[in-house]
Amino acid sequence: MKRPHVTINCAMSVDGKIASPTRKQMRISSEEDIQRMYRLRNESDAVLVGIGTILADDPKLTVKESYVQHPKQPLRVILDSKGRTPPHALALNTVSKTLIITAKGQKKTYDGPHIEVVECTTDTDGVIDVNYALDLLYQKGVRNLLVEGGGTVIWKFLKNKVVDDIFIFIGSCIIGGKDTPTVADGEGIRKGEEIPLKIVEVKQVGSGVLIHYQSL
Ligand SMILES: NC(=O)c1ccc[n+]([C@@H]2O[C@H](COP(=O)([O-])OP(=O)(O)OC[C@H]3O[C@@H](n4cnc5c(N)ncnc54)[C@H](OP(=O)(O)O)[C@@H]3O)[C@@H](O)[C@H]2O)c1
């Protein structure tokens, strides 16, 4: 199966957390890393998140003109099996196009030609089948996909072994909390099934460290 090149980008604390203990968005990235993230978004054909991130953070998922001149605005993709994307979600604004992928029979209608809802096969956990979604995105011309989270979605992409590059920014802070979202949540691996990665580059970016990994 042909699929887009998949890059994960995520900012975490030193203890691996990606949000506050109440699951709210936190500023973990340095200013320099935010600039890098916007450039990466701008170079991507599409940026993908799960409905958990939409409901928790209400992100726009666009490229800010203050960071990138003449942004080309990637397609925004939301994995949303049960059709829970609120009509007022900022990721549905008219700055770019949005594709909502739902399970069969869960399709909702939204105002505006820039919003498309597509029904898709689910996996054994009842969420959108990642391979099916990647096939759909490839057919729609997406060649570079940026997966931004949250932890449940990142886990599913890693588990399905459909990740090429991973950029992890480690902010110089601790967040703590045993239920605080981490880079990879979900059920985790079974013994002996660790997901191996190789380091491509490590560098300081402002007040934190950026590590570029690739899947082995
Ligand atoms: N620091 C960062 O870089 C960063 C970036 C993004 C998000 N975050 C944080 O991450 C947290 C949200 O993470 P989350 O794990 O709760 O939510 P999430 O990963 O954004 O979304 C998970 C939900 O997406 C739906 N889904 C549909 N298809 C899926 C699939 N194939 N795989 C996984 N999920 C699928 C499921 O809900 P349905 O069953 O309803 O479809 C699932 O519960 C927030 O606290 C946010 O602030 C941090």
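Modeller: With burial: a residue is buried if 20 or more other C-beta atoms lie within 10 Å of its own, exposed if 12 or fewer, and partly exposed in between. Bear in mind that this is a predicted model.

Biologist: Take strand β3, residues 75–79. How many of the residues of β3 are buried?

Modeller: 5 of the 5 residues are buried, so β3 is largely enclosed by the rest of the structure. Both faces are covered: on one side lie Leu75, Val77 and Leu79, and on the other Arg76 and Ile78.

Biologist: Which strands are joined to β3 by bridges?

Modeller: Strand pairing is read from bridges. β2 and β3 run parallel and are joined by 5 bridges; β3 and strand β4 (residues 98–103) also run parallel, with 4 bridges.

Biologist: What unit do β2, α2 and β3 make?

Modeller: A right-handed β-α-β unit. The loop between α2 and β3 holds Asp58 and Gln73.

Biologist: Which residues have the most contacts inside the largest nonpolar core?

Modeller: A nonpolar core is a set of buried residues joined through C-beta atoms within 7 Å. The largest here has 49 residues, and those with the most contacts inside it are Leu48, Val77, Ile78, Val147 and Phe157. Strand β1 (residues 5–12) gives the largest share of this core, 5 residues. Leaving aside residues up to four places away in sequence, Phe157 touches Val6, Ile8, Val130, Val147, Val162 and Val163.

Biologist: How many residues surround the ligand, and which are the closest?

Modeller: There are 31, the closest being Gly50, Gly52, Ser81, Gly149 and Gly150. By type, the shell divides into 14 nonpolar, 9 polar and 8 charged residues. Helix α2 (51–57) gives the most, with 5 residues. Other elements that supply at least two residues each include β6 (144–149) and α4 (151–159).

Biologist: What kind of peptide bond joins Gly149 and Gly150?

Modeller: A cis one, with omega about -5 degrees. Gly150 is found in the loop between β6 and α4.

Note on methods:
Residues numbered from 1 in each chain as written. Predicted model: local features only at pLDDT ≥ 70, side-chain atom pairs only at ≥ 80, totals over all residues. Contact = placed C-beta atoms within 7 Å. Near = placed C-beta within 6 Å. Nonpolar A, V, L, I, M, F, W, Y, C, P; charged D, E, K, R; others polar. Pairing = 2+ DSSP bridges. Right-handed = clockwise from strand over helix to strand, strands pointing away.
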